[in-house]
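Subject: Structure for you to look at

Hello,

Here is the structure I promised. Please open it alongside this message, and then read on for what turned up.

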Amino acid sequence: MKRRQFVKNASLATAGGALITGCASGETEGGAAAVQTNPRVNWRLTSSYPRSLDTIYGAAEVLANRVSELTNGKFTIRVFPANELVPYNQVLETVQKGTVQMGHSASYYFTGLNPALAFDCTVPFGLTARQFNAWFYHGEGKDLTRSMFADFNIINLPGGNTGVQMGGWFREQVGSLAEFRGLKMRIPGFGGAVMSELGVNVQVLAGGEIYPALERGVIDAAEWASPYDDEKLGFHQIAKNYYYPGWWEPGPNLSFYINVDAWNKLPSGYKAALEAAAAEANVGMMASYDAKNPSAMQRLIGEKGVTMRPFSDEIMNRARAITFDLLSAEAASDPAYRKLYESYDAWRRASNSWLKTAENTYSSFAFHEG
């Protein structure tokens, strides 16, 4: 082959390869394939949690690492713990303003901005982790919560769950409703509103503030999460009565918040990577807690002198009645809230009917084996 003909053929092959690359990327204009180089994107994510709570904070790191892997390192997300950029309770507004592109938090921290935000996280006697994921991904949850977050210039993605939480640490036993009255307890969100109706003096404190407040006697009781995290925070060193269940947090969904303007600038492949990474972080957090809580519970009981106590039926029944009274009252006064609540509650009722048939019957028998 003559040199001139070889160069011509090689040039055609190179051009053909570029066209193939362009077609593979899905980037076309006017019917002709176009070469698209994926851009380098660097985002920041602020969390509501400290690094020391490795499982709940770690979900954001899981997301960041997976996004980087899926985009060959071209889309990077730097994760910041609570208070490094902003306090835990300023995550939503920081993302809303675009100061950072992403956040990771529990939406019930922000019910002062919109009470319906509780449905993106949890309400007392509400959906479990499985039920929430089903409602979000296969019910109306995604569309309804996205509509709500649009007011904050945010797109939300599920970002993990702890599962049913514990009922908290109490210096003294609380066997009756009378013993709740006047109690000073750290408990946020809707659960705090119900506790207030039960006569509790509700306090809202960040995770890092709970231990010193409990130690100094500023509070008599506190809830956080479950054995693994609670052991890390050291509450058992002060209060030895560990109550269950955390009826106010049956399945607290954590969310990734994404600034809409930043989202709209992403290539479609980066959006897909972000959604896939968030789904992995969501599933991974729950699995991690399920793996870590059993041994932590055994250490607390067997080595650290903790006594686990169930809330009485009197307390549970009264708390449930108050919960649904509060939900109904809010729904009656706010049409937007009512729309979310009706969807959420209808899903809860239908799901409960199914899960109690097989799931609960099985677990009630199998979990009580010797």
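Which backbone nitrogen does the side chain of Ser47 reach? That of Tyr49, at 2.9 Å. Bear in mind that this is a predicted model.

**Ser47**

Ser47 sits in strand S3, which covers residues 41–47. Its relative accessibility is 0%, so Ser47 counts as buried. Leaving out residues up to four places away in sequence, Ser47 touches Tyr57, Phe80, Pro81, Ala82, Val91 and His104.

**Arg320**

Arg320 is found in helix H11 (residues 313–333). Is it buried, exposed or partly exposed? Arg320 is partly exposed, because its relative accessible area is 44%. Between the C-alpha atoms of Arg320 and Leu205 there are 24 Å. Along the chain, these two residues are 115 residues apart.

**Helix H5**

Helix H5 runs over residues 141–149. Gly141, Leu144, Thr145, Met148 and Phe149 are buried there. Why do the buried residues of H5 line one face of the helix? Seen down the axis, they fall within an arc of 135°, so one face holds them.

What covers the buried residues of H5? The cover includes these elements:

- helices H3 (91–97), H4 (129–138) and H12 (335–355)
- strands S6 (154–161) and S12 (253–259)

**Pockets**

The largest pocket has a volume of about 1,700 Å³. Its lining is made of 41 residues. Nearest the centre of this pocket lie Thr128, Val164, Pro250, Asn360 and Ser363. Elements that each supply at least two lining residues are H4, H10 (268–302), strand S13 (307–310), H11, H12 and H13 (359–366). Which of them gives the most? Helix H10 does, with 7 residues. By class, the lining of the largest pocket has 21 nonpolar, 14 polar and 6 charged residues.

The second largest pocket has a volume of about 200 Å³. H5 and H12 each bring at least two residues to its lining.

**Cavities**

How many cavities of 30 Å³ or more does a search of the whole structure find? It finds 2.

The largest cavity has a volume of about 120 Å³. Its lining has 16 residues, and Tyr49, Ile56, Tyr108, Tyr109 and Gln165 lie nearest the centre. Tyr49 is also the residue whose backbone nitrogen the side chain of Ser47 reaches. The lining of the largest cavity divides into 11 nonpolar, 2 polar and 3 charged residues.

The second largest cavity holds about 30 Å³ of space. Among the residues lining it are Val123, Phe125, Phe324, Tyr341 and Arg348. Both H11 and H12 supply at least two residues of this lining. H12 gives the most, with 4 residues. By class, the lining of the second largest cavity has 7 nonpolar, 1 polar and 2 charged residues.

Best wishes

Methods. Residues numbered from 1 in each chain as written. Predicted model: local features only at pLDDT ≥ 70, side-chain atom pairs only at ≥ 80, totals over all residues. Heavy atoms only, no water. Buried < 20%, exposed > 50% of the residue type's maximum accessible area, 1.4 Å probe, protein only. Polar contact = N/O pair within 3.5 Å; in protein donor to acceptor, adjacent residues only side chain to side chain. Contact = heavy atoms within 4.5 Å. Arc of directions from axis to C-beta. 1 Å grid on protein atoms, 1.4 Å probe; cavity = no way out; pocket = protein on both sides within 12 Å on 5 of 7 lines; lining within 4 Å. Points joined across faces, edges and corners; volume = space filled by probe spheres on them. Nonpolar A, V, L, I, M, F, W, Y, C, P; charged D, E, K, R; others polar.
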